[in-house]
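Biologist: I would like to go through this model with you and ask what stands behind each label. Please put the structure up.

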Amino acid sequence: MISEETKPHVSLVIPVYNDREALEIAVPAALDALLEICDKYEVIIAEDASTDGSREYAARLANGNPHIVHMHRDVRGGRGSALALAAEQALYNICVYFDVDLATDIKHLKPLIYAIAKGCDIATGSRLLPASDITRSTGREIKSRGYNFLVRALLQSKIHDHQCGFKAFNRQKLLTLLPAVHDTHWFWDTEVLVLGQRAGYKACEIPIHWTEGAGTTVKQSDVFAMGASILELWWRIHGP
């Protein structure tokens, strides 16, 4: 356990797929925040077969800064698998990630990190707590609440918001879960949270300020796929 007087060591992962412009903002923001919060830190750009210049830009950043690691794959494996691979390669035992669009205000990074430092195994930002402050479309709000209701009802999760792209882990605990995590894309977050709770790991939620971006990479097909994934995970947990 770490006190406020002892700065933690952190591996921060930014999953990237064709996010060249967002990277220009996200990486400096991450470095500035970690410089104030941490004693030792790294930023892993988990770049997943991008074709828009993200690969080249991330490589230049990593070449010029020892705190930046560029993890590239030639064949796209999915956001979840990129996060899992980055966690396996991370240097430090507090492993954090946030989505490159910075929809979650980065001011919440410190309480997220310290939740792990003070004993939580999993910490996640939540857009669905009373103290949360969110701005998003009605359609996306309805989908999110419906999805999270199903996860809580069918998979007995105590978490309110499973898909917020702002999470931190005790890396060693996360690594014990990864062999049982099947999803390689958007459902990865939910699967980790559900399996972590079932393993008895302590999960914490943090209210956040969150603003929906101009676009979203979650497609309608992803929504249906995640619904099917809820049922598949339920069967895996409860079936014969």
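Biologist: How many disulfides does a search of the whole structure find?

Modeller: The search finds one disulfide. This is a predicted model, in which local features need pLDDT of at least 70, side-chain atom pairs count only at pLDDT 80 or more, and totals for chains, interfaces and linings use all residues. Residues are numbered from 1 along each chain as its sequence is written, and side-chain values use heavy atoms, with hydrogens and water left out.

Biologist: What makes Cys-120 and Cys-204 a disulfide?

Modeller: A disulfide is a pair of cysteine sulfur atoms within 2.5 Å. Cys-120 and Cys-204 have an S to S distance of 1.6 Å, so the pair meets the definition.

Biologist: Why is the disulfide of Cys-120 and Cys-204 given a handedness, and which one?

Modeller: The torsion about its S-S bond is about -65°, so the disulfide is left-handed. Cys-120 lies in the loop between α4 (109-117) and β5, and Cys-204 in strand β8 (residues 203-207), so the bond ties together parts 84 residues apart in sequence. Helices (H or I, at least four residues) and strands (E, at least two) are DSSP runs, numbered from the N terminus.

Biologist: Why is Cys-164 called buried?

Modeller: Buried means under 20% relative accessible area, exposed over 50%, and partly exposed in between (1.4 Å probe, protein chains only). Cys-164 has 0%, so the label buried applies. Cys-95 is buried as well, with a value of 4%.

Biologist: What is the bridge partner of Cys-95 in β7?

Modeller: Phe-169 is the partner. Strand β4 (residues 94-98) runs antiparallel to β7, with five bridges between them. Two strands pair if DSSP finds at least two bridges between them, so β4 and β7 count as a pair. Strand β5 (residues 122-126) is also antiparallel to β7, joined by three bridges, and Thr-124 stands opposite Lys-167.

Biologist: What makes β7 (residues 166-170) mostly covered?

Modeller: Five of its five residues are buried. Phe-166, Ala-168 and Asn-170 point one way and Lys-167 and Phe-169 the other.

Biologist: Which residues of helix α2 (residues 54-64) are buried, and why are they said to be on the same side?

Modeller: Ser-54, Tyr-57 and Ala-58 are buried. They cover an arc of only 95° around the axis, which puts them on the same side of α2; the arc is that of the directions from the helix axis to the C-beta atoms. On the other side, Arg-60, Asn-63 and Gly-64 are exposed.
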